[in-house]
Amino acid sequence: HYTPRDTYKALIRQYYRYGVAKTYTLRLHPRSLRLRQTAPPLLVAGLALGLILAPFLHWAAVALAVLVGLYLAAVLAFSAVSMRHADRSVWRRLPLVFMSLHLAWGVGFWRGLFRRIPSAN
């Protein structure tokens with residue numbers, strides 16, 4: 001049973017922390033990483049790199065547009081599939097929820113990679 005967070009802010013905070021925590025787990029158990037878990041950090045890296053390079057390189061602007069377009073198409077497709085078992089009232093919010101999960105987890109993952117592991121004391 002899953003209890004949803006009350007606000008987008010709480011949801012984003014939760015998934016950001018999940019991303020950070022995954023880096024701690026990977027330091028102890030590197031083989032625990034699954035291919036699907038690389039998608040949010042790669043998305044965040046691609047968006048960041050694209051935003052930095054797009055003003056200077058035409059190919060980077062095109063790549064960024066393709067990345068954003070494919071991502072939005074995937075989010076809308078998975079939202080539509082998820083709607084089969086959900087109330088229609090959540091349709092407008094579901095894409096934002098998916099994007100919040102992915103971006104927060106990805107940013108948290110990158111933040112965790114460059115953060116020292118807190119001591120147990």
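Biologist: Quick one: are α1 and α4 parallel or oblique to each other?

Modeller: Oblique, in this predicted model. Oblique covers whatever is left once angles under 35 degrees (roughly parallel), over 145 (roughly antiparallel) and 65 to 115 (roughly perpendicular) are taken out.

Biologist: At what angle do their axes cross?

Modeller: Roughly 40°, and the axes of α1 (residues 8-28) and α4 (residues 94-113) come within 7 Å. Axes are lines fitted to C-alpha atoms over the stretch in contact, with angles from 0 to 180 degrees between N-to-C directions. Helices are DSSP runs (H or I, at least four residues), numbered from the N terminus.

Biologist: Which residues make the contact?

Modeller: From α1, the list includes Y8, L11, Y15, G19, T23 and R27. On the α4 side you'll find L96, L101, W105, F109 and R111, among others. Contact here means heavy atoms within 4.5 Å.

Biologist: And which residues of α1 are buried?

Modeller: A10, L11, Q14, Y15, G19, V20, K22, T23, Y24 and L26. Buried is under 20% relative accessible area, exposed over 50%, and partly exposed in between (1.4 Å probe, protein chains only). Those buried α1 residues pack against α4.

Biologist: Switching to S79, where is that?

Modeller: S79 sits in helix α3, residues 58-82. Its relative accessibility is 0%, so S79 counts as buried.

Biologist: What is S79 in contact with?

Modeller: Setting aside neighbours within four places in sequence, S79 contacts W91, L94, P95 and F98.

Biologist: Which other α3 residues are buried, and what do they pack against?

Modeller: Along with S79, the buried residues of α3 are A60, L64, Y71 and V75. The buried residues of α3 pack against α2 (39-53) and α4.

Biologist: OK, R5 now. Buried or partly exposed?

Modeller: Partly exposed, because its relative accessibility is 39%. R5 lies in the segment before α1. Beyond its neighbours within four places in sequence, R5 is in contact with A10, L11 and Q14, and A10, L11 and Q14 are among the buried residues of α1.

Biologist: What should I know about the numbering and the cut-offs?

Modeller: Residues are numbered from 1 along each chain as its sequence is written, and side-chain values use heavy atoms, leaving out hydrogens and water. As it's a predicted model, local features need pLDDT of at least 70 and side-chain atom pairs count only at pLDDT 80 or more, while totals for chains, interfaces and linings use all residues.

Terms used
Helix = DSSP H or I, 4+ residues; strand = E, 2+ residues; numbered from the N terminus.
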